Amino acid sequence: MKLTRGKITELVNEPGCEHNHSHAGQPNKKACKQQAQPGAAQGGCAFDGASIALVPITDAAHLVHGPIACSGNSWGSRGSLSSGPVTYKTGFTTDLTENDIIFGGEKRLYQAIAQIVKHHQPAAVFVYSTCVTALIGDDLDAVCEAAAQKFGKPVIPVHAAGFVGSKNLGNRLAGEALLDHVVGTAEPEYTTPYDINLIGEYNIAGEMWNVIPLLEKVGIRVLSKITGDARYQEICYAHRAKLNVMICSKALINMARKMEEKYGIPFIEESFYGIDDMNRCLRNIAEKFGDPALKQRVEKLIASENAALDQKLAPYRSRLKGKRVVLYTGGVKSWSIISAAKDLGIEVVATSTKKSTEEDKARIKQLLGKDGITIEKGSPQELLKVIEQTGADLLIAGGRNQYTALKARVPFLDINQERHHAYAGYEGMIEMAKELEEALYSPIWEQLRTPAPWETGKGEQSPVTSDQLTVTS
Ligand code: SF4
């Protein structure tokens, strides 16, 4: 795939994205049509987005063609876990020097691929362009093709230089790379009538492992995981699935839509967070297959899982009931976590609409009720104001906001990609309840909120006079 202006415009105007639909006669959002502005890469450039979407392919090597800092920008920042190979955990970079930038980095790239293949024997090599290598005009496609032929391994160019746009655009460019070079290049050993792909689920903290056993129990097979805990080979035969289940709609919507066009695979968008959403997800998958026996198995599973969960959650619910939280996260989590919190008796008093689609926003409004606050931009000052205004008991947000919570003297729960706890599925609800309870009832908050002695005057010491001093010799 050549990264042309036309390609970028096509991806930015992705028809599957709600942002690009006109609403009630209103024209599309202008923001979606705008090209990246200087500084727009703050919080994740397109390269970062592409690596987020592809690095979870565990048996592949991911080679960043550019200065070492690009690699450092994204390496190790996501908690995607593997049940086997760990090749994806090694950060590979061509680490370009000034000489390479002047004379071109193609030779160095070819040598790097050769070295990786020789020493690491990956299932495939993904080669990421960056701002510098895109600007000096290195021919990534030609080098990757030559290396693939020479070493007999798939070498996939990923054209997502940081300057082309946002992290979200980078996700879509990664999807394009998979569609152009990977999907449809192999056949599975066998297929079943209930084969599905999971798209946009990255197995953060092992979340997918809470869900796959549930699907297996009712006879649904996950043919390809795109891309959490994936092996390269399984993505090659993703075109044989009967249904695509998207877990974060905006990230790889282009991939789901194009697979529907090209291979006739329908797609649905689901969430694994919260009891209701997990129930709905299972029911919707069964509904799509339209098999009454499958629907019955799903209902039976939901009934037994929900009954067991009710018992396990009872002690947590009594301690969490009525607590008020401010939620600051992005995309689909801004509404799916509200639903999970409600299941525990917690009230979400404010949530962010950052990176949310129009559909996400509609769901947020419905779940929050009329008094709920939506936060468009979450600077620390804004968050502190909302916490104070709402009298919230807890902040649920990404890791970098934990200091804002500490300033407000409220407990904090990490919900973003760096987290170490899996909150998806029914098992995830217990984990979330446990984490919330521990955060809210930690004894540190009582100590922290008690005024210091010098603030109350109670512990004030009167000055020591000379006759109170004992002199020892
Ligand atoms: S690709 Fe460009 S924007 Fe992204 S980290 Fe590298 S230099 Fe920065």
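## A parallel sheet and its helix

In strand S3, Val64 finds its bridge partner in Tyr128. That pair belongs to a set of five bridges joining strand S1 (residues 61-65) to strand S3 (residues 125-129), and the two strands run parallel. Helices and strands here are DSSP runs numbered from the N terminus, with at least four residues of H or I for a helix and at least two of E for a strand. Two strands pair if DSSP finds at least two bridges between them.

Four strands form an open sheet in the order S2-S1-S3-S4, with parallel pairing. Strand S2 (92-93) and strand S4 (155-158) stand at the edges, each with a single partner strand, so one side of each is left without a neighbour in the sheet. Helix H2 lies across S1, S3 and S4 and runs at about 165° to S3. Axes are lines fitted to C-alpha atoms, for helices over the stretch in contact, and angles between N-to-C directions run from 0 to 180 degrees.

## The model as a whole

This is a predicted model, in which local features need pLDDT of at least 70 and side-chain atom pairs count only at pLDDT 80 or more, while totals for chains, interfaces and linings use all residues. Residues are numbered from 1 along each chain as its sequence is written.

The protein chain holds 20 helices and 13 strands. Of its 473 residues, 47% count as buried. A residue is buried if 20 or more other C-beta atoms lie within 10 Å of its own, exposed if 12 or fewer, and partly exposed in between, with C-beta atoms placed from the backbone. Among contacts with a separation of 6 or more, 72% involve residues 24 or more positions apart. A contact requires C-beta atoms, placed from the backbone, within 7 Å.

## The nonpolar core

The largest nonpolar core has 130 residues, and Leu63, Val125, Val127, Val158 and Val326 touch the most other members. Such a core is a set of buried Ala, Val, Leu, Ile, Met, Phe, Trp, Tyr and Cys residues joined through C-beta atoms within 7 Å. In soluble globular proteins, nonpolar side chains tend to be buried together.

Leaving out residues up to four places away in sequence, Val158 touches Ala50, Leu54, Phe126, Val127, Tyr128, Ser129, Leu173, Ala174 and Ala177.

Strand S9 (residues 324-328) is mostly covered, with four of its five residues buried. On one pairing, four parallel bridges join S9 to strand S10 (residues 347-352). Here Val326 has Ala350 as its bridge partner, and Arg324 stands opposite Glu347.

In the loop between S10 and helix H15 (358-368) sits Lys354. Lys354 is partly exposed, with 16 other C-beta atoms within 10 Å. Beyond its neighbours within four places in sequence, Lys354 is in contact with Gly330, Glu376 and Gly378. Lys354 and Gly330 are 24 residues apart in sequence but 5.5 Å apart in space, C-alpha to C-alpha.

## Around the ligand

The ligand is surrounded by 12 residues, the closest being Cys45, Phe47, Cys70, Cys131 and Gly162. A residue is near a molecule if its C-beta atom, placed from the backbone, lies within 6 Å of it. Helix H2 (46-54) and helix H3 (68-74) are the elements that give two or more residues to this shell. The shell divides into seven nonpolar, four polar and one charged residue. Ala, Val, Leu, Ile, Met, Phe, Trp, Tyr, Cys and Pro count as nonpolar, Asp, Glu, Lys and Arg as charged, and the others, Gly among them, as polar.

## Backbone details worth a look

A cis peptide bond joins Ile226 and Thr227, with omega about 10°; Thr227 lies in strand S6 (residues 221-227). In the loop between S6 and helix H10 (232-236) is Asp229, which has a positive phi of about 55° although it is not a glycine. Asp229 counts as buried, with 25 C-beta neighbours inside 10 Å.

Technical notes: Two residues are in contact if their C-beta atoms, placed from the backbone, lie within 7 Å.
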